[in-house]
There are 2 protein chains.
Amino acid sequence: MTRSADRRGPYICGIDAAMDVVTGKWKSLILWELDQHGTRRFGVLKRGLPGISEKMLIQQLREMEEDGLVDREVFREVPPRVEYSLTAQGKSLNAALRPLGAWGKERIKRIKARMVTVDSAE
Amino acid sequence: MTRSADRRGPYICGIDAAMDVVTGKWKSLILWELDQHGTRRFGVLKRGLPGISEKMLIQQLREMEEDGLVDREVFREVPPRVEYSLTAQGKSLNAALRPLGAWGKERIKRIKARMVTVDSAE
DNA sequence: CAGAATCCTTAACGATACTG
DNA sequence: CAGTATCGTTAAGGATTCTG
């Protein structure tokens with residue numbers, strides 16, 4: 001739908017394949033949210049991601065569902081309720097992202113440290 | 001230059017910060033190439049990344065240099081020679097990407113397995 | 001509530017030609 | 001050899017409006 005002709009390979013390596021699934025401004029955050037809370041319905045998920053539009057949230061969720069990362073359960077009630085949760089693959093992907101997250105935290109520290117240096121220099 | 005107003009934060013979490021530095025169609029591959037071979041000059045690096053244009057290679061290398069991932073050493077000779085290598089940060093980022101790469105390899109396996117199933121079904 | 005549909009802006013990427 | 005410069009395409013992301 002949105003992705004470049006539904007990319008999905010051919011991949012030249014594992015990182016390429018993983019990136020294909022995880023890039024998109026919000027995917028890693030959705031992964032994180034769902035990993036923390038287990039199951040969330042659409043509206044709650046949206047409130048947990050300040051700044052995201054409904055269009056983007058749906059779009060990313062649909063792609064993640066296609067990619068087997070997310071389960072979508074529809075309750076035919078009025079008003080409608082839809083719940084999202086991680087599949088086993090989604091959970092393992094989130095686990096695989098953890099070292100990268102740790103690296104990123106260190107990077108943030110370095111950036112802040114440098115800002116302090118610059119500040120006191122002027 | 002190319003990046004959204006030089007992004008570089010503010011970041012909402014570590015993954016966000018790491019992704020900012022690693023997204024771009026070629027960056028993780030450049031990281032991998034330099035990690036494997038230690039030091040490469042421009043032309044060799046290019047031949048190691050079939051399909052990349054010179055513009056993209058330079059652009060990505062410059063951003064990675066700005067981000068402290070890559071060292072660039074210029075030898076003032078004729079003809080010119082420039083060598084690229086990973087900094088300590090670049091190396092540790094590459095290490096942090098390894099679990100993601102492993103996850104991606106598993107994903108590729110699953111996709112292939114599914115293709116076989118589909119093939120034999122028709 | 002959870003979305004579908006539409007329109008629009010911008011950023012990523014690519015191809016080509018030229019240069020110290 | 002290792003770049004710049006320029007131009008064009010496509011894809012990602014966002015804002016708004018409408019609906020079962």
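Helices (H or I, at least four residues) and strands (E, at least two) are DSSP runs, numbered from the N terminus. The model on this tour is predicted: local features need pLDDT of at least 70, side-chain atom pairs count only at pLDDT 80 or more, and totals for chains, interfaces and linings use all residues. Residues are numbered from 1 along each chain as its sequence is written, chains are lettered from A and ligands numbered from 1 in the order in which they are written, and side-chain values use heavy atoms, with hydrogens and water left out.

**First stop: helix α1 of chain A**

Select residues 14-22 of chain A, which form helix α1. Of its 9 residues, 9 are buried, so the helix is largely enclosed by the rest of the structure; buried means under 20% relative accessible area, with a 1.4 Å probe and protein chains only. Among them are Ile15(A), Met19(A) and Val22(A). Next, select Gly24(A), which follows α1(A) and has a positive phi, near 115 degrees.

**Second stop: the sheet of chain A**

Now display the open sheet of 3 strands in chain A, whose order is β1-β3-β2 with antiparallel pairing. β1 (39-41) and β2 (70-75) of chain A stand at the edges with a single partner strand each, so one side of each has no neighbour in the sheet. From one strand to the next, the twist averages 25 degrees.

Select β2(A) together with β3(A), residues 81-86: these strands pair in the antiparallel sense over 6 bridges. Two strands count as paired if DSSP finds at least two bridges between them. A hairpin of 5 residues joins β2(A) to β3(A). Across this pair, Asp71(A) stands opposite Ser85(A), and Val74(A) stands opposite Val82(A).

Move to chain B and select α2 (residues 27-37) and α4 (residues 54-66), whose axes come within 10 Å and cross at roughly 75 degrees. α2(B) is therefore roughly perpendicular to α4(B), a term for angles of 65 to 115 degrees. Contact means heavy atoms within 4.5 Å; the residues making it include Ile30(B) and Leu31(B) of α2(B), and Leu57(B) and Met64(B) of α4(B).

Methods:
Axes fitted to C-alpha atoms, helices over the stretch in contact; angles between N-to-C directions. Parallel < 35°, antiparallel > 145°, perpendicular 65-115°, else oblique. Buried < 20%, exposed > 50% of the residue type's maximum accessible area, 1.4 Å probe, protein only.
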